[in-house]
Amino acid sequence: MPQIPEKIHELTVGQLSARSGAAVSALHFYEAKGLISSRRTSGNQRRYSRDALRRVAFVRAAQRVGIPLATIRDALAELPEGRTPNKEDWSRLSAAWRSELDERITRLGRLRDHLTDCIGCGCLSLETCVLSNPDDVVGERIAGSRLLPERPAARS
């Protein structure tokens, strides 16, 4: 990994890519989405401040746990421009994401627990499927690709 002397305060897109491990195209995408910013030289080349390294690391860590880019952008917008996100920033912002992650874990657990049943039932019904329609009361009582009217009980 190429080392960048401390006296250099701005990075080219290639240097930022090499140091962060993010592809140049990903950095351009992050910039287009407002996650990082650059200035343009007189030759129209991008230059990133050194804090972009930490911001890219922040974005990539948040993405790995499934946080949407819009949520990451909102979190980064709370930080002062040009300041490197620190451990306290990460703690504060990631705490706000905890409930969203807990809910996602619950949904994934439900998917894992019912996936075999769903494939085994053969219903392929989006209206009664316990996975795609988890609050469906009728789906808990019967399975099938269509809802059949219940027959009245035979008189004795």
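How many bridges pair β1 and strand β3 in the antiparallel sense? I found two, with β3 spanning residues 46-49.

**Before going on.** I am reading a predicted model, where local features need pLDDT of at least 70, side-chain atom pairs count only at pLDDT 80 or more, and totals for chains, interfaces and linings use all residues. Residues are numbered from 1 along each chain as its sequence is written, and side-chain values use heavy atoms, with hydrogens and water left out.

**The sheet.** Strands here are DSSP E runs of at least two residues and helices are H or I runs of at least four, numbered from the N terminus. Two strands pair if DSSP finds at least two bridges between them. I saw an open sheet of three strands, ordered β1-β3-β2, with antiparallel pairing. β1 (10-11) and β2 (39-40) each have a single partner strand and stand at the edges, so one side of each lacks a neighbour in the sheet. I also looked up L11: its bridge partner in β3 is Y48.

**Helix α1.** Which residues of α1 (residues 13-20) are buried? I noted V13, L16, S17 and S20. Buried means under 20% relative accessible area, exposed over 50%, and partly exposed in between (1.4 Å probe, protein chains only). These four cover an arc of only 100° around the axis, so they lie on the same side of α1; the arc is taken from the directions from the helix axis to the C-beta atoms. A handy reminder: an α-helix has 3.6 residues a turn, so residues three or four places apart point the same way. Their cover includes β1, α2 (24-32), β3 and α3. Just after α1, G21 takes a positive phi of about 85°.

**The core.** A nonpolar core is a set of buried Ala, Val, Leu, Ile, Met, Phe, Trp, Tyr and Cys residues joined through side-chain atoms within 4.5 Å. The largest one has 23 residues, and L16, L27 and I72 have the most contacts inside it. α3 gives the most to this core, six residues. I followed L27 too: leaving out residues up to four places away in sequence, its contacts (heavy atoms within 4.5 Å) include V13, L16, Y48 and V56.

**Aromatic rings.** Rings of Phe, Tyr and Trp (its six-membered ring) pair if their centres lie within 6.5 Å; planes under 30 degrees apart are stacked, over 60 edge-to-face, the rest tilted. I found three aromatic pairs. F58 and W90 are edge-to-face, 4.9 Å centre to centre with 90° between the planes. This pair links F58 in α3 (residues 51-64) with W90 in α5 (residues 87-121), 32 residues apart. F58 counts as buried because its relative accessibility is 5%, whereas W90, at 30%, counts as partly exposed. Ring pairs join F58, W90 and W97 into a cluster.
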